[in-house]
Amino acid sequence: MALSNLEKVIHPATGFTKGELLHYYATTADVLLPHLHDRPVSFLRYPDGPDGQVFFTKNVPPGTPDWVTTAEVPRSEGPARMVLIQDLPSLMWAANLVTEFHTPQWLIDAPGEADRLVMDLDPGHPATIVECCEVALWLRERLTADGWQTYAKTSGSKGMHLLAAPAARTPSGKITAYAKDLAVEAERALPHLVVHRMKRSLRPGKVFVDYSQNAARKTTATPYTLRARAEPTVSTPVTWEEVAGCTDPAQLTFGAPAIGPRLQAYGDLLAPLLGE
């Protein structure tokens with residue numbers, strides 16, 4: 001497999017090159033691959049960096065090698081064929097396209113039967129991830145009361161994702177309805193801080209609790225994916241102690257160089273979602 005343009009700067013704020021991007025994915029493969037396994041991948045590609053063309057690819061890209069696993073996925077407009085990243089060679093082939101990895105909350109053997117719940121916390125300026133942390137702690141307590149074990153990760157952009165696993169696979173529609181109820185309840189409990197509707201005029205200074213990513217057709221940034229930003233930020237699992245102690249966005253902003261030391265210190269904080 002030929003890897004191309006290794007000296008090309010992909011993340012301009014730090015001069016992070018494509019070679020460094022590929023090195024990052026190779027060295028985090030052991031923890032990233034289990035979160036990709038058996039989930040059809042949507043690629044958000046940024047081959048010329050975040051200031052160049054950025055575009056989603058859901059169908060199998062032209063030129064995909066025949067040794068990359070693909071699968072038919074149902075869609076409202078008819079079935080489509082998507083990529084599954086099942087091993088290191090496939091991961092490196094996909095990383096060579098320069099991409100964020102986005103995956104649904106279900107596995108390929110049961111499309112639309114969710115094995116994950118996700119709450120996407122998106123701050124509206126001037127709110128930041130600091131306000132997301134306050135909301136996350138409220139949601140964690142509420143989810144715990146309903147018997148869920150909840151985990152947190154940064155989005156790698158401005159916000160935060162909360163993840164939990166249902167006791168058994170559940171139709172995505174039911175998970176979405178439950179997540180919406182939680183978002184509405186959070187807005188009632190924290191009206192100064194939370195909004196559950198997507199309308200942008202409601203969002204400045206508040207945290208939008210996006211429950212809609214539980215829909216079968218939606219995807220969320222995969223744990224440990226790089227994001228298409230000026231710096232090589234990563235969607236990074238975090239401890240609840242870090243969430244509770246966050247007073248500055250910089251405390252929960254992690255670039256690619258930080259992930260190796262974090263894995264040595266914590267391992268994969270989301271491993272319990274994989275049954276580990």
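Mentor: The model is a predicted one, in which local features require pLDDT of at least 70 and side-chain atom pairs count only at pLDDT 80 or more, while totals for chains, interfaces and linings use all residues. Residues are numbered from 1 along each chain as its sequence is written, and side-chain values use heavy atoms, with hydrogens and water left out. Helices (H or I, at least four residues) and strands (E, at least two) are DSSP runs, numbered from the N terminus.

Strand 11 comprises residues 160–164, and strand 10 pairs with it in the antiparallel sense over five bridges. Two strands are said to pair if DSSP finds at least two bridges between them. Another partner in strand 11 is Ala164, which bridges to Thr150. Five residues separate the two strands in their hairpin, and Gly156 takes a positive phi near 85° there.

Strand 9 also pairs with strand 11 in the antiparallel sense, over five bridges. In that pairing, Ala164 of strand 11 has Leu117 opposite.

How covered is strand 11? Five of its five residues are buried, and the strand is mostly covered. Buried means under 20% relative accessible area, exposed means over 50%, and partly exposed lies in between (1.4 Å probe, protein chains only). Met160, Leu162 and Ala164 point one way from strand 11, whereas His161 and Leu163 point the other way, and all are buried.

These strands belong to an open sheet of six strands, with mixed pairing and the order 13-14-9-11-10-16. At the edges stand strand 13 (194–195) and strand 16 (237–238), each with a single partner strand, so one side of each has no neighbour in the sheet. Helix 5 packs on this sheet and touches strand 9 (117–123), strand 13 and strand 14 (207–210). Its direction makes about 40° with that of strand 9. Contact here means heavy atoms within 4.5 Å. Axes are lines fitted to C-alpha atoms, for helices over the stretch in contact, and angles run from 0 to 180 degrees between N-to-C directions.

Pro126 is found in the loop between strand 9 and helix 4.

We may now turn to the aromatic residues. A search of the whole structure finds five aromatic pairs. Rings of Phe, Tyr and Trp (its six-membered ring) pair if their centres lie within 6.5 Å; planes under 30 degrees apart count as stacked, over 60 as edge-to-face and the rest as tilted. The rings of Tyr25 and Phe101 form an edge-to-face pair because their planes stand at 85°, with centres 5.3 Å apart. Tyr25 belongs to helix 1 (residues 18–27) and Phe101 to strand 7 (residues 99–103), so this pair ties together parts that are 76 residues apart in sequence. Tyr25 and Phe101 are both buried.

Another aromatic pair, Trp148 and Tyr178, is stacked, at 5.6 Å centre to centre and 20° between the planes. Trp148 lies in the loop between helix 4 (129–145) and strand 10 (150–154), and Tyr178 lies in helix 5 (residues 172–189), so the pair ties together parts that are 30 residues apart in sequence. Trp148 is buried, with a relative accessible area of 14%, whereas Tyr178 is partly exposed at 22%. Elsewhere, one aromatic cluster is formed by Tyr24, Tyr25, Phe43, Trp93 and Phe101.

One further residue bears on the backbone. Tyr224 has phi near 75°, a positive value in a residue other than glycine. Tyr224 is placed in the loop between strand 15 (220–221) and strand 16, and is buried, with a relative accessible area of 3%.

Finally, there is the wider setting. An unreviewed UniProt entry carries the annotation "domain: DNA ligase D polymerase" over residues 17–268. UniProt positions are given in the numbering used here, feature names are shortened, and annotations may be inferred rather than shown by experiment. Over residues 17–268, the chain is 31% helix and 22% strand, with the end C-alpha atoms 25 Å apart.
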